Amino acid sequence: MPKLISFFLPIRKGSKRVKNKNLKKLPGYKYGLTELKIKHLQKFRKLAKKLTKNEFEYVVSTDCDQVIKFLHKFDWIKIHKRSKKLAGDDSLDELIRIVPKICSGHYILWTHVTSPFFDDEDYFIFLKYFLREKHNSAFSADLLQKFIFSKKKWISHNRKKRKWPRTQDLNPVYIANSASFIANRKVYLKNFDRICENPLPIITKNLKGMDIDDMYDFRKLEKILNDAKKNN
């Protein structure tokens, strides 16, 4: 049976490591990361109409007037004007609590503008895999299979069985890259969290899970976009 799936996109104003990061101009994007992510969602809407019977809503929560002004031309986006209380550095738990109140979906997919390489096709693949597995929640992840040592012991493998196994035989470690979280709305209401206690990691490839955290990341993104423009 088709489900209503909510995309939830939080966009705060300001940034400590990169000034005005979410709106800082990028090659081809006047409104930077925000514009790039909205473009991803636009393309996903078209893709979803062709390939799925599920319905979607798109909710942006922001305390930034400039973001609100930019988003007004997209009538398919529901804007939640975030209060100052919900825009602080330690406000994540409080924001999670109100998400099921402002999102109507049976499932809620939480994503970020700071994941610029996770695009329309990646959202579709992520959702398809999640719905097929019939899990309560999932997150996009980078797979790490390396020799890992912590607190005076190896946690990547059992050295009593084999001292140096092949890397592909090491215990996999999944790193949440924040490109996408999804959960049944019941998880939000019961756990007050974006995922349940036993979430499903869904592996992303290459740069797909890259998070723009500091100026080094931002400059790297600028170079990639500039190179792409030159090659087109």
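View 1. Buried here means under 20% relative accessible area, exposed means over 50%, and partly exposed lies in between (1.4 Å probe, protein chains only). This is a predicted model, in which local features need pLDDT of at least 70 and side-chain atom pairs count only at pLDDT 80 or more, while totals for chains, interfaces and linings use all residues. Residues are numbered from 1 along each chain as its sequence is written, and side-chain values use heavy atoms, leaving out hydrogens and water. Strands (E, at least two residues) and helices (H or I, at least four) are DSSP runs, numbered from the N terminus.

**View 2. From β1 to β2.** Strand β1 (residues 4-11) runs parallel to β2, and eight bridges join them; strands pair if DSSP finds at least two bridges between them. Look for Ser6 opposite Glu57 in β2.

**View 3. From β2 to β3.** Five bridges pair β2 with strand β3 (residues 77-81), again in the parallel sense. Here Tyr58 stands opposite Ile77 in β3.

**View 4. A salt bridge between Lys16 and Asp89.** A salt bridge is a side-chain nitrogen of Lys or Arg within 4 Å of a carboxyl oxygen of Asp or Glu. Lys16 and Asp89 meet this way at 2.7 Å, N to O. Lys16 lies in the loop between β1 and α1, and Asp89, 73 residues apart, in the loop between β3 and α3 (92-102). Lys16 is exposed, at 74% relative accessible area. Arg12 joins Lys16 and Asp89 in a network of salt bridges.
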